[in-house]
Amino acid sequence: MNSTNPYSSDFMPHIWPIGGGKGGTGKSFLTSNMGILLARQGFKTLLIDADLGAPNLHTIVGLPNPAISLSDFLNKRVPTLQETVLEMPIHNLFLISGAKNKLDIANLAHEQKMKVLRAVSRLDYDYILLDLGTGTSFNTIDFFTIWDSGIFVCNPEPTSIENIYRLIRSVYARKIRQVLKIDRFRSLAEKAEAQNPDATIHHPEYLLDMLKTIDPEQGAKIERILKSFQFKLVLNQVRRQDNPKIGALVCKIVEKHLGMRIQFIGNVSFDERVHEAVCRKESFVDQYSYSQATLDLKVIIKAITGVTEEQAVAS
Ligand SMILES: Nc1ncnc2c1ncn2[C@@H]1O[C@H](COP(=O)(O)OP(=O)(O)O)[C@@H](O)[C@H]1O
Ligand SMILES: [Mg+2]
């Protein structure tokens, strides 16, 4: 685990898993373009394609045939994760590709997963952005709970919001389970279910309230942990006709039901030219540096780094 101390108020994590409820939300677009912006601001930035089922970050950043990838570390062809790092044509930007990952490693064994997570924690970069797989898969949730930081991405559509809520709820339940250890979690879930048939593992919203009455000390501990999370929400592909307040509303609902604080850090506008940039394997933020979507991405970068572009470049 990295040196993160989520209890400190000025703590700024440097490892950011980026995940969303379903494919096509824009995780890879955000990961690659945020990475380019961070690198251009002088931060040594590593992108990791952790979408083990459908890796494609290498294509988006214009490296169609990477020589080495994450699976070479998993399969012990190279001894360290650092050796799988590829230099990008952009100064300060690096990539660990998922290109040669086979489908069979989409469901990593626990030990392998821990090996990757530990190795990522030891890498020395200003920022590490992990492009995660889709949905509530075991791997995705692990990446979110290990560092207690991450960016949830969704689109302003009811289906996408439903999916992201489900993912956030799974992260929440996993965290409670981690803190309580599995046996206590099970007995709590059973007690909760006996008192309220809705309070099953599938409806973990009730678990914390239940725990606070059964074991106030543990309840307070978990409440503190949930409040210290550094999770962010980004709404991508926002069109002019969409309500710009949806993101903040989703965060309010999450806090109300789960007691988990998620910070809404911005809308990223829908832009037809993203498609063109991806097809031409060009960087969107470089090609369309004055577009609204690029300006939106810069607002998001500021929420991650805590400094403006001017401050970052000047330092
Ligand atoms: N802000 C945006 N405006 C327009 N198109 C976008 C935007 N973000 C992503 N896209 C498009 O949406 C599709 C899915 O994006 P991608 O990043 O591959 O999603 P994911 O990695 O979540 O599956 C791609 O065709 C991409 O070009
Ligand atoms: Mg993707």
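## An aromatic cluster

F144, F152, F229 and F231 come together as one aromatic cluster. The model is predicted, so local features need pLDDT of at least 70 and side-chain atom pairs count only at pLDDT 80 or more, while totals for chains, interfaces and linings use all residues. Side-chain values use heavy atoms, leaving out hydrogens and water, and residues are numbered from 1 along each chain as its sequence is written.

## The F152–F231 pair

The structure holds 9 aromatic pairs (rings of Phe, Tyr and Trp, the last by its six-membered ring, with centres within 6.5 Å; planes under 30 degrees apart are stacked, over 60 edge-to-face, the rest tilted). One of them joins F152 and F231, a tilted pair at 5.3 Å centre to centre with 45° between the planes. F152 belongs to strand β6 (residues 149–154) and F231 to strand β7 (residues 230–238), so the pair ties together parts 79 residues apart in sequence; strands here are DSSP runs of E, at least two residues, numbered from the N terminus.

## Charges over rings

K115 lies over the face of F73, 4.5 Å from the ring centre. R239 does likewise with F270, at 3.8 Å. The rule asks for NZ of Lys or CZ of Arg within 6 Å of the ring centre and within 35 degrees of the ring normal.

## Cysteines

With a disulfide taken as two cysteine sulfur atoms within 2.5 Å, the count is 0. For C251, the nearest cysteine sulfur is that of C154, 9.0 Å away. C251 counts as buried, at 7% relative accessibility.

Definitions and conventions:
Chains are lettered from A and ligands numbered from 1 in the order in which they are written. Helices (H or I, at least four residues) and strands (E, at least two) are DSSP runs, numbered from the N terminus. Buried means under 20% relative accessible area, exposed over 50%, partly exposed in between (1.4 Å probe, protein chains only).
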